[in-house]
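Visitor: I'd like to learn how to read a structure like this one. Could you walk me through it?

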Amino acid sequence: MQRKRKTVAMILAGGQGSRLGVLTAEKAKPAVSYGGKYRIIDFPLSNCTHSGIDTVGVLTQYRPLELNTYIGTGSAWDLDTMTGGAYVLPPYSVGASGEWYSGTANAIYQNVGFIEKFDPKYLLVLSGDHIYKMNYKWLISAHEEKGATATIAVIRVPMEEASRFGIMSTDADMRITEFAEKPEKPKSNLASMGVYVFDWKVLREYLQADENNSASDHDFGKNVIPAMFFGGEKLYAYEYGGYWKDVGTIQSLWEANMELLSDDPPLNLHDEGWRIFSRNPNDPPQYVDGGASIVNSMICEGCIIYGSVENSLLSPGVIVERGAVVRGSIIMDGTRVCEDAWVNMAIIDEDVVVGKAATIGCTGNTGNTDNTDNTDNTGNTDNTGNTGNTSNTGNTGNTGNTDNTYNTDNTGNTSNTSNTDNTSNTSNTSNTGNTYNTGNPCDNIAVIARGIRIAPGETVPAGTEVRHDS
């Protein structure tokens with residue numbers, strides 16, 4: 001029999017994150033790398049540890065293997081206790097019944113049995129795909145002080161971005177007076193962070209009612225919270241004033257990483273009092289050759305650097321050979337950048353090989369990504385003030401390498417005059433087995449899928465997404 005817990009946390013980590021394109025083709029969004037050594041899921045897990053919450057359910061669904069393996073027993077976050085722990089909770093079947101999670105509320109409903117084992121007073125529901133540091137004790141204390149049934153953590157966003165979020169209007173005491181999910185004309189800029197604390201016994205009743213409603217989307221923002229509001233429950237907002245980032249797009253993921261390289265980063269990963277824990281790959285120390293050059297970059301263990309790295313983040317095990325240049329880029333685990341290759345403003349997934357003298361991304365000197373003038377860290381994931389060099393977006397062909405052809409479904413790039421079909425994806429592929437989407441996912445950042453081999457001398461233009469031939 002499990003010991004009673006005051007609070008049980010449930011992390012919703014089953015989302016695909018489709019706007020991240022090839023980066024989530026083989027893994028869920030919470031498993032995506034960030035800051036060189038971290039995964040996005042590290043942040044809510046670390047927050048739970050620091051907040052004294054030792055019983056955490058992690059609800060996985062889309063491409064769960066990598067995330068399940070990464071979390072393991074929860075030991076990296078000190079969540080492998082005898083009386084608590086981190087529990088990976090995928091959908092499962094019992095006899096003839098069982099189905100995929102059909103929404104955020106349904107995901108919690110399917111795990112009522114797990115929660116009941118701990119008989120909690122409060123249930124903390126967290127999104128698994130945001131970057132932030134929060135002491136959930138403060139949130140729970142505010143919930144108790146107000147005598148609330150549900151408390152929703154909110155952050156102020158620019159008014160022009162408010163329609164992208166669940167928006168709360170409140171009275172002077174922060175009691176919620178109106179709630180709208182992604183309204184066309186928002187009345188407030190208090191946006192939900194996807195962090196909730198509920199009185200468990202009350203929530204359980206609403207989850208059951210929602211499950212019985214065949215017309216429901218079984219979603220917290222669309223269904224359960226509005227039902228609680230119109231049911232007269234005491235719903236309060238808890239305003240959070242720290243850093244919070246939704247890294248749901250290529251641009252926002254790139255920006256969030258580059259912010260770490262600024263002189264005064266908005267998110268301090270070196271905070272002794274609030275470490276972000278992660279699973280350690282136990283690689284050997286990084287090696288930097290005497291002829292190498294590293295400027296304003298984060299280099300993780302296991303990296304071997306012979307070339308030049310500037311304003312970039314390198315995950316464990318990355319190799320940069322002699323003569324190679326990496327600028328303004330995010331290079332994930334186990335990737336090799338071969339001799340004389342050029343990588344500028346790119347996100348390269350794990351285990352990629354960039355061939356000798358290959359070129360990826362912008363060819364101009366646009367690698368200075370010191371993003372010190374970007375002060376909007378409140379959930380604005382489309383920072384159009386930092387768009388980099390877009391002069392190379394019209395390059396849709398690889399004149400130096402006739403083995404590769406390009407898909408010119410260039411819906412995000414209006415400067416490409418040679419694009420004759422902007423409405424469909426004709427899935428053009430090359431003999432290398434790679435598919436190239438120009439103008440996708442954004443106009444200036446090149447994105448390379450896991451395990452891709454970029455041929456020697458090949459050019460991958462800025463704004464190109466390279467994926468495996470499907």
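Predicted model: local features only at pLDDT ≥ 70, side-chain atom pairs only at ≥ 80, totals over all residues.

Visitor: Leaving aside its neighbours within four places in sequence, which residues is leucine 314 in contact with?

Guide: The list is Gly36, Met298, Ile299, Cys300, Cys303, Ile305, Val309, Val320 and Ile331. Leu314 also belongs to the largest nonpolar core, which has 58 residues. Along with Val343, Ile347, Ile348, Val354, Ile360 and Ile448, it touches the most other members.

Visitor: Which elements supply at least two residues of this core?

Guide: Those are α8 (250–259), β19 (313–314), β22 (330–331), β25 (346–348) and β29 (446–448). The largest share, five residues, comes from α8. Another core lies apart from this one; its 38 residues include Ala31, Ile53, Ile140 and Ala142.

Visitor: How do I read a sheet?

Guide: Strands of a sheet pair through backbone hydrogen bonds, either parallel or antiparallel. Here, an open sheet of six strands runs in the order β15-β18-β21-β24-β27-β31, with parallel pairing. β15 (293–295) and β31 (459–460) are at the edges with a single partner strand each, so one side of each has no neighbour in the sheet.

Visitor: How many bridges join β24 to β27?

Guide: Three, between residues 342–344 and residues 359–361. Within that pair, asparagine 344 sits opposite glycine 361.

Visitor: And where does glutamate 99 lie?

Guide: In the loop between β5 (85–88) and α3 (104–109). Glutamate 99 is partly exposed because its relative accessible area is 44%, between the 20% and 50% cut-offs.

Note on methods
Residues numbered from 1 in each chain as written. Heavy atoms only, no water. Helix = DSSP H or I, 4+ residues; strand = E, 2+ residues; numbered from the N terminus. Buried < 20%, exposed > 50% of the residue type's maximum accessible area, 1.4 Å probe, protein only. Pairing = 2+ DSSP bridges. Core = buried A, V, L, I, M, F, W, Y, C linked by side-chain atoms within 4.5 Å. Contact = heavy atoms within 4.5 Å.
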